[in-house]
Amino acid sequence: MKLERKKQKGGQFIKTLLVMYIVTGLLLIFLAFLVSKVEKEEMVARVGVIAIYVISCMLGGYVVGKMKKNRKFIWGLLAGTAYVVILLAIGLIIGMGSLPEPMTAITTIGVCMGAGMLGGMIS
């Protein structure tokens, strides 16, 4: 019975990550449209991507915090961490082994982990 519960909770966490990436995809489509309509595309794109990371990770932290009921901030931090690890892994695969600049990677990791933790705290 306990093993079944753990599998169910693990499945919920994976579903939360999936929702985070769906939200990211939809927001990236919106951002692409927005960037095509404005001047200073690079600046809008950079700010937009960071905002998308924050929104997606906060949402994931919030959802997982609601599911877990205790230690919500840790679960939110875990959701943000899982999100950014998968994001960097996909980037590694697509980039054929090249990593982003160290400052970019550190900023992305911090933003995703912090936003996930914040989402967990407010849940």
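Colleague: Among contacts between residues at least 6 apart in sequence, what percentage joins residues at least 24 apart?
Modeller: This is a predicted model, where local features need pLDDT of at least 70 and side-chain atom pairs count only at pLDDT 80 or more, while totals for chains, interfaces and linings use all residues. Residues are numbered from 1 along each chain as its sequence is written, and side-chain values use heavy atoms, with hydrogens and water left out. A contact means heavy atoms within 4.5 Å. Among contacts in the protein between residues at least 6 apart in sequence, the share that joins residues at least 24 apart is 75%.

Colleague: What pattern does the protein follow when read along the sequence?
Modeller: Helices (H or I, at least four residues) and strands (E, at least two) are DSSP runs, numbered from the N terminus. The protein has four helices and zero strands. Read along the sequence, the pattern is therefore α-α-α-α.

Colleague: What percentage of the 123 residues counts as buried?
Modeller: The C-alpha atoms fill a box of roughly 55 × 30 × 20 Å along the principal axes. Buried means under 20% relative accessible area, exposed over 50%, and partly exposed in between, with a 1.4 Å probe and protein chains only. Of the 123 residues of the protein, the share that counts as buried is 26%.

Colleague: How many residues apart in sequence are the parts that the pair of tyrosine 53 and tyrosine 83 ties together?
Modeller: Rings of Phe, Tyr and Trp (its six-membered ring) pair if their centres lie within 6.5 Å; planes under 30 degrees apart count as stacked, over 60 as edge-to-face and the rest as tilted. A search of the whole structure finds three aromatic pairs. The rings of tyrosine 53 and tyrosine 83 have centres 6.3 Å apart and planes at 75°, so this pair is edge-to-face. Tyrosine 53 lies in helix 2 and tyrosine 83 in helix 3, so the parts tied together are apart in sequence by 30 residues.

Colleague: Which residues form one aromatic cluster?
Modeller: Tyrosine 53 is buried, with a relative accessible area of 16%. Tyrosine 83 is buried at 0%. The one cluster consists of Tyr21, Tyr53 and Tyr83.

Colleague: Leaving aside neighbours within four places in sequence, which residues are in contact with threonine 24?
Modeller: Threonine 24 lies in helix 1. Its relative accessible area is 7%, so threonine 24 counts as buried. Apart from neighbours within four places in sequence, its contacts are Ile52, Ser56 and Tyr83.

Colleague: Is lysine 40 buried or exposed?
Modeller: Lysine 40 has a positive phi of about 55° although it is not a glycine. Lysine 40 lies in the loop between helix 1 (2-37) and helix 2. Its relative accessible area is 67%, so lysine 40 is exposed.

Colleague: What is the relative accessibility of arginine 71?
Modeller: Arginine 71 also has a positive phi of about 55° without being a glycine. Its place is the loop between helix 2 and helix 3. Arginine 71 counts as exposed because its relative accessibility is 63%.

Colleague: How far apart in space are lysine 68 and serine 123, C-alpha to C-alpha?
Modeller: Lysine 68 is found in helix 2, and it counts as buried at 15% relative accessibility. In sequence, lysine 68 and serine 123 are 55 residues apart. In space, their C-alpha to C-alpha distance is 9.9 Å.
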